[in-house]
Amino acid sequence: DLSRVRKNEIELFRKSELFFLLMRARRLYREMRFNVYLPADMFTEDEEKKNAYKDKKILLQGVIDCIIEDKSGELHLVDYKTDRLTREELSDISLAEKKLREKHTLQLSYYAESVKEIFGKYPKTVRVYSLPLGKTISII
């Protein structure tokens, strides 16, 4: 049903910095499923648990929306977000950025660690692309 397509979001994306980065990419990895073992102590802030888990691993499974390898070989992790934003957040970008960072930083920190495990290096940038906002927001 075409009435459900948000044409304004598509147009914003087509004009975005992310779109131009995608168009110039050396390589794209989209909807990349992964299974990696990460240190268990990174999943807690409790010092006692950190010590107890320091030699343990946890299997993390997920799907990374997009990894862009640019012409210089740097990796850029991008997660698309459809979070609805209030009128106030849409009119004050700093409020929208704050909301998106608070909500998604933990998840994307795990994804960045996973990228390091898979590719042998951390992504140069870790960002969300907010469809309603029509822009990328740096997370890490």
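Biologist: How much accessible surface does the protein have, and what share of it belongs to carbon and sulfur atoms?

Modeller: Gladly, and please keep in mind that this is a predicted model. The accessible surface is about 9,100 Å², and carbon and sulfur atoms account for 49% of that.

Biologist: Why is Glu 31 called exposed?

Modeller: Exposed means over 50% relative accessible area. Glu 31 has 52% relative accessibility, so the residue counts as exposed.

Biologist: Where does Glu 31 lie, and what is its phi?

Modeller: Glu 31 belongs to strand 1, which covers residues 27-39. Its phi is near 50°, a positive value in a residue that is not glycine.

Biologist: What share of the residues count as buried, and what makes a residue buried?

Modeller: A residue is buried if its relative accessible area is under 20%. Of the protein's 140 residues, 38% count as buried.

Biologist: Which elements does the protein have, and in what order do they run from the N terminus?

Modeller: There are five helices and five strands. Their order from the N terminus is α-α-β-α-β-β-α-α-β-β.

Biologist: Among contacts between residues at least 6 apart in sequence, what percentage join residues at least 24 apart?

Modeller: That share is 67%, where a contact means heavy atoms within 4.5 Å.

Biologist: And how many positive and negative side chains are there?

Modeller: The protein has 28 positive and 24 negative side chains, with the centres of the two sets 6 Å apart.

Terms used:
Residues numbered from 1 in each chain as written. Predicted model: local features only at pLDDT ≥ 70, side-chain atom pairs only at ≥ 80, totals over all residues. Heavy atoms only, no water. Helix = DSSP H or I, 4+ residues; strand = E, 2+ residues; numbered from the N terminus. Buried < 20%, exposed > 50% of the residue type's maximum accessible area, 1.4 Å probe, protein only. Areas by Shrake-Rupley, 256 points an atom, 1.4 Å probe, with all protein chains shown as cover. Lys, Arg positive; Asp, Glu negative; His and termini not counted. Charge placed at Lys NZ, Arg CZ, Asp CG, Glu CD.
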